[in-house]
Amino acid sequence: MSGAAVQDRTALALDGAHGALARLEPVSLAEVQVLADLQTRVDRKYVVGPEVVERLVTEVLTDASVLTIDGRTSFRYESVYFDTPDLTAYRDAAHGRRLRFKVRTRAYLDTDACVLEVKTSGGRDQTVKQRMDYDIEDRMILTPAGQAFVLDCLARSGPTRSDRAVDVASLRPAATTAYRRSTVVDLVAGTRLTVDADLVVSTPDSASVRLTDQVVLETKSTGRASAADHWLWTAGHRPSRISKYCVGLAALDAALPANRWAQTLARHF
């Protein structure tokens, strides 16, 4: 099949997935933040074709709601990931360290909002995310206030490395991810699901890689597998090891350690 044919098929599948999502009951951002803002959670990620999303929505998520703002259910995201010169955060993840971290700004381009986020991972596959409001014009840098916030978050989460502390002052942009996200919430079960399409990962030297015919589907719960997880497992889709930041860097630089994501890289990049 030609590249143009693949693009056409993917576009049609994405249209079907977005159409299915748009038919769900709308839910406001305020409701999502109050009722399903899972800051301490277990995430399970899947890389699937957009047609899988359409089936999941129509077969399982019929009673769920979709985040809707001004009639839109798909929103442009841009995340800038900060790392040390020797890529401490990347290497911690690549080597599967139990205690690891990510620092990023996340810009919501359709509303000109921005936050600075610090994600720390600890035992039992649990992720804790802390955030502060941030000026969207500063999203490519860590301001003094931003550095202080990161330092405080890492200090409160405990040591992030066994051999040395993180030099927050050395953090600088290492990669940027851009994509379109739709968010589905089950307000009764307290679970959430995001669908990220049109993913592009780029580095400060203008290298980039694109995930063209697949989407990243992520389930978020307080621990127990959600109904969406069980449906995906039954349909033969298992969670993938994928961090947009780490897989993107690994796809762009073959010299980086990447065994942890080898299967994902081979299948999708």
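**View 1. The accessible surface of the whole protein chain.** This surface comes to about 12900 Å², and 49% of it belongs to carbon and sulfur atoms. Accessible areas come from the Shrake-Rupley method with a 1.4 Å probe; for residues, only the protein chains shown count as cover. This is a predicted model: local features need pLDDT of at least 70, side-chain atom pairs count only at pLDDT 80 or more, and totals for chains, interfaces and linings use all residues. Residues are numbered from 1 along each chain as its sequence is written, and side-chain values use heavy atoms, leaving out hydrogens and water.

**View 2. Burial in the protein chain.** Of the 269 residues, 50% are buried. Buried means under 20% relative accessible area, exposed over 50%, and partly exposed in between (1.4 Å probe, protein chains only). The chain has eight helices and 11 strands. Helices (H or I, at least four residues) and strands (E, at least two) are DSSP runs, numbered from the N terminus.

**View 3. Helix α3, residues 50-59.** P50, V52, V53, L56 and V57 are buried here. Seen down the axis of α3, the buried residues fall within an arc of 145 degrees, so they line one face of the helix. The arc is that of the directions from the helix axis to the C-beta atoms.

**View 4. Strand β5 and its partners.** Eight of the nine residues of β5 (residues 100-108) are buried, so the strand is largely enclosed by the rest of the structure. Two strands pair if DSSP finds at least two bridges between them. Strand β4 (residues 75-83) runs antiparallel to β5, joined by six bridges. Strand β6 (residues 113-121) also pairs with β5 in the antiparallel sense, over nine bridges.

**View 5. Residue V103 in β5.** Which residue of β5 is the bridge partner of F82? That partner is V103. V103 also stands opposite V118 in β6.
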